[in-house]
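Biologist: I've got a structure to read and I'd like a hand with it. Can we take it one feature at a time?

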Amino acid sequence: MSESKQEKTARVSHLPEHGPIDKNGKEVLLSIKNVDITFGKGDKAVKAVKNASFDIYKGETFSLVGESGSGKTTIGRAVIRVNPCAAGEILYKGVRISGKIPHSLDREVIRNIQMVFQDPAASLNERATVDYIISEGLYNFHLYENEADRVKKVEKIVQEVGLLPEHLTRYPHEFSGGQRQRIGLARAMVMEPELVVADEPISALDVSIRAQVLNLLKKFQRDKGVTYLFIAHDLSIVRFISDRIGVIYKGDIVEVAGAEELFDFPLHPYTRSLISAIPIPDPLLEKNKVLFTYDPSVHDYSEDKPEFVCIGNDHWVYGNKKEIEEYKAIREKGEPLKSITILEPGALRDETSKEIKHTAEEEDFLNSPVHDTGNFLYAFFSFLLPVIGIIAAQVFKKKKYYRNYKACRKGAIIGFVLLGIVIVLFLLLLLLAVI
């Protein structure tokens with residue numbers, strides 16, 4: 001962007017009604033462009049996000065996925081203007097909202113972009129009633145005509161998230177985790193936002209409650225046309241609620257594609273590793289699953305520097321020229337990639353799977369009886385009486401008390417060794433006395 005264009009963007013004090021339309025005819029609501037986010041200064045500076053770029057279209061659910069510490073929440077907090085950008089810019093409806101902006105524009109951004117936090121307990125004011133927590137945004141922006149209108153709006157949103165009007169007089173500590181997250185969702189939705197940053201909103205909830213909260217999010221999207229930036233680490237959930245998915249690894253956006261496109265063609269090896277880690281709800285299949293482990297050393301970026309490139313089908317991948325050509329060739333074949341490998345029962349795993357192979361004895365050892373403690377006293381008495389100790393060890397082994405067996409065997413061996421040393425010394429002294 002030229003300097004004059006930047007100045008023009010900075011002078012904008014209000015958001016337009018609609019965002020820019022891209023070449024596919026979709027309205028771009030949020031645009032992250034070459035964003036760097038750094039914490040600390042000087043030698044202690046840590047670059048949490050590096051050159052991140054992606055767009056979020058109006059009315060869609062864009063999921064940002066990666067392991068803990070990859071920079072997902074950092075980007076989400078930058079969108080709501082909590083984390084400043086060290087480089088690049090964030091555009092909302094084509095207007096720059098990162099950096100210093102006019103006060104009137106700042107208020108519009110706060111009003112239009114809301115956040116649902118990961119920890120439903122820590123994100124609510126324990127000293128405020130549910131009524132005040134939900135109404136705070138209404139108070140700050142005066143989004144009601146009179147007190148009756150405010151009460152009507154609050155009661156309506158509370159019922160929409162599955163709570164009752166009598167809950168409004170209670171405090172957050174009186175609710176369960178799922179109910180608290182509903183309160184947090186009501187607080188965001190009562191502002192009638194266009195974009196909601198959902199920062200792992202279900203990771204702290206029980207499985208059954210997760211489904212209810214996800215259904216609520218989809219209901220609001222259907223009824224109100226809300227757009228979501230959904231931050232998560234669980235790809236199994238993300239697949240079924242997302243329109244598009246972005247994968248982030250140590251601050252780098254490594255892949256962006258439609259949900260089904262990403263699962264059918266996970267081109268970047270890190271994406272494949274995330275998909276292979278999805279648990280299978282069948283213990284036998286899960287036991288024979290081979291994990292695909294991502295090794296960053298497979299990339300050689302010493303000379304050929306990586307770029308974030310579209311390889312067609314609105315599929316973006318991070319890689320150098322050689323890798324991009326390989327990714328394009330794989331995609332052009334049109335054959336879905338298999339990320340999860342299930343071995344046949346009884347089949348041996350190869351060395352690349354890096355799985356621990358248990359012998360039959362080790363399996364028995366892992367499933368040993370409750371009283372198989374391997375207590376130190378077994379080793380001590382076996383040391384004092386090694387013959388009895390070795391007999392006890394064999395009895396324990398037969399009964400599959402493997403810890404006790406190992407303790408007795410260890411004590412008996414040490415006892416026999418010490419006894420042997422004593423006998424040898426005695427014979428040497430006897431020999432010296434005779435000579």
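Modeller: Start with burial: buried means under 20% relative accessible area, exposed over 50%, and partly exposed in between, with a 1.4 Å probe and protein chains only. This is a predicted model, where local features need pLDDT of at least 70, side-chain atom pairs count only at pLDDT 80 or more, and totals for chains, interfaces and linings use all residues. Residues are numbered from 1 along each chain as its sequence is written, and side-chain values use heavy atoms, leaving out hydrogens and water.

Biologist: Is Tyr-294 buried or exposed, and why?

Modeller: Tyr-294 is buried, because its relative accessible area is 15%. Tyr-270 is buried too, at 2%.

Biologist: How do I read a pair of aromatic rings?

Modeller: You describe it by the distance of the centres and the angle of the planes. Rings of Phe, Tyr and Trp (its six-membered ring) pair if their centres lie within 6.5 Å; planes under 30 degrees apart are stacked, over 60 edge-to-face, and the rest tilted. The whole structure has 12 aromatic pairs.

Biologist: What does β9 pair with?

Modeller: Strands pair through backbone hydrogen bonds, either parallel or antiparallel. Here two strands count as paired if DSSP finds at least two bridges between them. Strand β3 (residues 61-65) runs parallel to β9, joined by four bridges, with Ser-63 opposite Ile-245. Strand β10 (residues 252-258) is antiparallel to β9 over six bridges, and Gly-258 is the bridge partner of Arg-244. In their hairpin, with two residues between the strands, Lys-250 takes a positive phi near 50°.

Biologist: Last one: how do I check a helix's length?

Modeller: The expected span is 1.5 Å times one less than the number of residues. The 33 residues of helix α16 (residues 402-434) should therefore span 48 Å, and the end C-alpha atoms are 47 Å apart, which agrees.
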